[in-house]
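User: I would like to go through a structure feature by feature. Please give the general idea where there is one, and then the case at hand.

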Amino acid sequence: MKPVGKLIVIGGAVNKGSFAETDFDQNIEKNLNFFERGILRKIINESKLKENSVIEIITTASQIPQIVGTEYKKAFEFLGAKNVNILDIHNREEANSDAMVARANAADVVMFTGGDQLRLTSILGGTRFHDTILLKYQEQDFIYSGTSAGAAAASENMIYQGSSSEALLKGEIKTTQGLGLIDNVIIDTHFVQRGRIGRLFQAVVNNPRTLGIGLGEDTGLFIHNDTMTAVGSGLVIIVDGRFIKDTNLTNINLGEPISIDNLTVHVMSMNDHYDLTTKTLTIENSQFNPIPQDK
């Protein structure tokens, strides 16, 4: 059964401007170009009650939750959101409490900030709070949004460790279970800026059924009804391993380079669509689309 809810995953470093800057208002055009057509606006527009939706900012992954939470709260409020709260769950006991479950049940949107995705899953995984979010995503008009760690943790399996420079050496990336909102994909973040293409290649060659998704910074995917749409200013890389012809993966030792023959890679930019059912990409501004003729 397809989830009723919507998923918005972001590659990190959202260009939301910084409300901590003393000259923020004076440089409003420079700082807030993002707001006019960006990802936070997309979250509000797609939410159940728009500006009146209840938005919970989950800062569990961050080591500086007060700073990060306040920045996102002010950013959403600048866009007109009227019911924005910060929810910093510190431990599993809190995540199993009636109070946290009630907050999750009342939310129309949850926004998971960046930080450490392993911290996020180890604190929230399998708790009542986690179960409530999964159920709401399956059955209600509800949005799970996450940036950086919050995006990486959204899938059934997630990358939590692995250097960019040595990512195509066998065993250099580590994966574990994520929060499980979407199956058969694995998401990597800060993708273009930190050169993480090799991490995604290894994750996909380990199990070619898994679709690799690499999110650039200030870039995300809006996922609904088995369609992924690129949003934001940068690039999304899709790695499809279904047509791999050959690899040396099982014949080499740990730490040795991996060879892969016939790995398929797609590159998406704003408003492009990828169909998760047919595994096909539609480029919004394709140069091969027929040019409308004047009547």
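User: Which residue meets the side chain of Lys6 in a salt bridge?

Analyst: In this predicted model, the partner of Lys6 is Glu46, with N to O at 3.0 Å. The criterion is a side-chain nitrogen of Lys or Arg within 4 Å of a carboxyl oxygen of Asp or Glu. Lys6 belongs to strand β1 (residues 6-10) and Glu46 to helix α3 (residues 39-46), so this contact ties together parts that are 40 residues apart in sequence.

User: Is Lys6 buried or exposed?

Analyst: Buried means under 20% relative accessible area. Lys6 counts as buried because its relative accessibility is 12%.

User: Which residues are linked with Lys6 in a network of salt bridges?

Analyst: Lys42 and Glu46 are linked with Lys6 in that network. The side chains of Lys42 and Glu46 meet at 3.2 Å, N to O. Both of these residues lie in helix α3, 4 residues apart, which is about one turn of the helix. Lys42 is partly exposed, because its relative accessible area is 22%.

User: How many salt bridges does the count come to?

Analyst: The count comes to 9 salt bridges. Among them is the one between Arg199 and Asp188, whose closest N and O atoms are 2.7 Å apart. This pair links distant parts of the chain, with Arg199 in helix α10 and Asp188 in strand β8 (residues 185-188), 11 residues apart. Both Arg199 and Asp188 are buried.

User: How many residues of helix α10 are buried?

Analyst: Helix α10 (residues 197-206) is mostly covered, with 8 of its 10 residues buried. Besides Arg199, the buried residues of α10 are Gly198, Leu200, Phe201, Gln202, Ala203, Val204 and Val205.

User: Turning to strands, how should I read the two faces of β4?

Analyst: In a regular strand the side chains alternate between the two faces of the sheet. Strand β4 (residues 109-112) has Val109 and Met111 on one side and Val110 and Phe112 on the other. All four are buried, and both faces of β4 are covered.

User: Which strands are joined to β4 by bridges?

Analyst: Strand β2 (residues 54-58) is joined to β4 by 4 bridges, and the two run parallel. Within this pairing, Ile57 has Met111 as its bridge partner in β4. Strand β5 (residues 143-147) is also joined to β4 by 4 bridges, again parallel.

User: Which residues form a nonpolar patch on the surface?

Analyst: Leu235, Val265 and Val267 form such a patch, with about 220 Å² of accessible area together. Val265, in strand β15 (residues 264-268), counts as partly exposed because its relative accessibility is 39%.

User: How much space lies in the largest pocket?

Analyst: The largest pocket holds about 400 Å³ of space. It is lined by 19 residues, of which Pro3, Ile182, Asp183, Asp226 and Leu276 are the closest to its centre. The elements that give two or more residues to this lining are α8 (128-139) and β10 (219-224).

Technical notes. Residues are numbered from 1 along each chain as its sequence is written. This is a predicted model: local features need pLDDT of at least 70, side-chain atom pairs count only at pLDDT 80 or more; totals for chains, interfaces and linings use all residues. Side-chain values use heavy atoms; hydrogens and water are left out. Buried means under 20% relative accessible area, exposed over 50%, partly exposed in between (1.4 Å probe, protein chains only). Two strands pair if DSSP finds at least two bridges between them. Patches are made of residues with over 30% relative accessible area and no salt bridge: like charges are joined within 9 Å, nonpolar side chains (Val, Leu, Ile, Met, Phe, Trp, Tyr) within 5 Å. Accessible areas come from the Shrake-Rupley method with a 1.4 Å probe; for residues, only the protein chains shown count as cover. On a 1 Å grid over the protein atoms alone, a cavity is a set of points where a 1.4 Å probe fits but cannot get out, and a pocket is an open set with protein on both sides within 12 Å along at least five of seven lines; lining residues have an atom within 4 Å of a point. Grid points are joined across faces, edges and corners, and a volume is the space filled by probe spheres set on the points.
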